Amino acid sequence: MVKIGSSDLDVSRLCLGGNVFGWTADPDTSFAVLDAYLAAGGNFVDTADSYFWRKPGNSGGESETIIGDWMAARGNRDQVVIATKVGSWPERPGLSARNIATAVEDSLRRLRTDRIDLYYAHRDDPDTAQEETADAFDRLVREGKVRAIAASNFTAERLRSALEISARDGLASYVALQPHYNLMERDEYENALAPLLASEGLAGFPYYALAKGFLTGKYRPDTDVDSVRSEGARAYLDDRGRAVLAALDEIAAGHEVPVAAVALAWLADQPTVTAPIASARTPEQLADLLPALELHLTDDEQRLLAHVSS
Ligand SMILES: NC(=O)c1ccc[n+]([C@@H]2O[C@H](COP(=O)([O-])OP(=O)(O)OC[C@H]3O[C@@H](n4cnc5c(N)ncnc54)[C@H](OP(=O)(O)O)[C@@H]3O)[C@@H](O)[C@H]2O)c1
């Protein structure tokens with residue numbers, strides 16, 4: 001277990017992504033994935049109020065509802081660190097004090113709990129003063145509805161100013177950032193965000209840790225993949241993508257683990273990363289990710305992956 005920044009939350013080295021629950025995984029399969037993740041030693045589940053409103057027939061909140069039903073059915077709320085988000089669902093848009101106060105009650109109700117462990121601003125809201133957002137989040141922490149707060153999809157400049165405002169006004173401060181970062185998407189995180197996280201002691205929880213499935217190795221030349229994500233994932237299959245897959249194949253064979261676990265271990269070993277976030281649509285998919293809970297790469301393996309992905 002690793003501590004999240006300056007919080008008192010301890011989490012596993014792999015965070016389970018929850019956008020599949022109620023989207024590409026039905027409730028029964030979602031329960032099976034969650035059961036298998038917890039049984040393997042994972043304790044950190046990521047969701048959002050907006051998951052997954054884009055699926056035809058959904059309206060949003062489906063993922064939180066499934067996770068809440070699962071925790072109630074299993075009676076395991078205290079064993080799970082739950083992260084959810086506010087701000088990007090068209091029903092509850094933005095980071096105004098009013099929206100945050102309403103959205104948190106909805107999330108607590110769907111999750112069937114009295115507190116959210118880590119509450120994210122899902123994305124920046126340039127139309128709301130950062131002071132207003134900071135006050136609203138601080139109130140939730142003081143009320144005990146939220147244990148710690150975090151940001152997602154913020155630029156370094158906006159994250160820095162939010163941190164400065166919280167420090168200046170003595171308010172609860174973001175303890176983590178959830179950025180888009182993986183072997184295929186390195187530049188913005190490594191150049192702009194990681195130095196800030198390092199200097200401020202924030203935890204990094206990269207999303208799309210598998211590059212939408214590309215880093216599982218299932219996208220190869222001349223293969224057809226049946227997935228809602230295939231268009232986005234297949235776009236990585238250029239010369240660089242093929243070189244990354246070749247290096248992952250070699251390292252995975254050496255450790256006798258699946259390719260996906262190596263891609264996740266590379267991320268988890270980055271100095272400012274506390275845990276990568278990846279989803280699995282089935283328990284079988286999850287089994288390929290679980291070795292990342294323990295796997296560490298050698299310096300040579302780290303260097304090879306950094307080289308072929310640069
Ligand atoms: N903060 C944000 O703005 C933001 C944005 C996106 C995601 N997130 C969070 O990050 C999490 C991770 O992102 P993501 O789930 O979108 O993408 P991802 O983790 O990069 O890719 C996961 C997908 O890869 C495929 N996959 C996983 N294991 C596999 C295996 N063993 N074999 C074959 N295919 C496998 C599955 O999709 P298919 O089977 O459908 O191919 C799975 O849903 C999300 O669940 C969510 O919690 C946050």
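Q: Quick one first: what counts as a helix or a strand here?
A: Helices (H or I, at least four residues) and strands (E, at least two) are DSSP runs, numbered from the N terminus.

Q: And what sort of model is this?
A: The model is predicted: local features need pLDDT of at least 70, side-chain atom pairs need 80 or more, and totals for chains, interfaces and linings use all residues. Residues are numbered from 1 along each chain as its sequence is written, and side-chain values use heavy atoms, without hydrogens or water.

Q: Which residues lie nearest its centre?
A: N19, W23, F52, Y208 and R229. In total, 45 residues line the largest pocket, each with an atom within 4 Å of a point. Two or more lining residues come from each of α7 (230-234), β12 (277-278) and α10 (283-289). The largest share, three residues, is from α10.

Q: What's the lining like by class?
A: The largest pocket has 18 nonpolar, 16 polar and 11 charged lining residues. Ala, Val, Leu, Ile, Met, Phe, Trp, Tyr, Cys and Pro count as nonpolar, Asp, Glu, Lys and Arg as charged, and the others, Gly among them, as polar.

Q: How much space is in the second largest pocket?
A: About 250 Å³. Of its 16 lining residues, H180, E185, D187, E188 and Y189 are closest to the centre. Helix α6 (residues 187-200) gives the largest share of that lining, four residues. The second largest pocket's lining has six nonpolar, five polar and five charged residues.

Q: New topic: which residues of α2 are buried?
A: In α2, they are E62, S63, E64, I66, I67, G68, W70 and M71. Buried means under 20% relative accessible area (1.4 Å probe, protein chains only).

Q: And what comes after α2?
A: G75 follows α2, and its phi is positive, near 60°.

Q: Last topic, the sheet. What's the strand order?
A: The open sheet has eight strands, in the order β11-β10-β9-β8-β5-β4-β3-β12, with parallel pairing. Strands β11 (203-204) and β12 are the edges, each pairing on one side only. Two strands pair if DSSP finds at least two bridges between them.

Q: How many bridges join β10 to β11?
A: Two bridges join β10 (residues 174-178) to β11, and the strands run parallel. A176 has A203 in β11 as its bridge partner.

Terms used: 1 Å grid on protein atoms, 1.4 Å probe; cavity = no way out; pocket = protein on both sides within 12 Å on 5 of 7 lines; lining within 4 Å. Points joined across faces, edges and corners; volume = space filled by probe spheres on them. Buried < 20%, exposed > 50% of the residue type's maximum accessible area, 1.4 Å probe, protein only.
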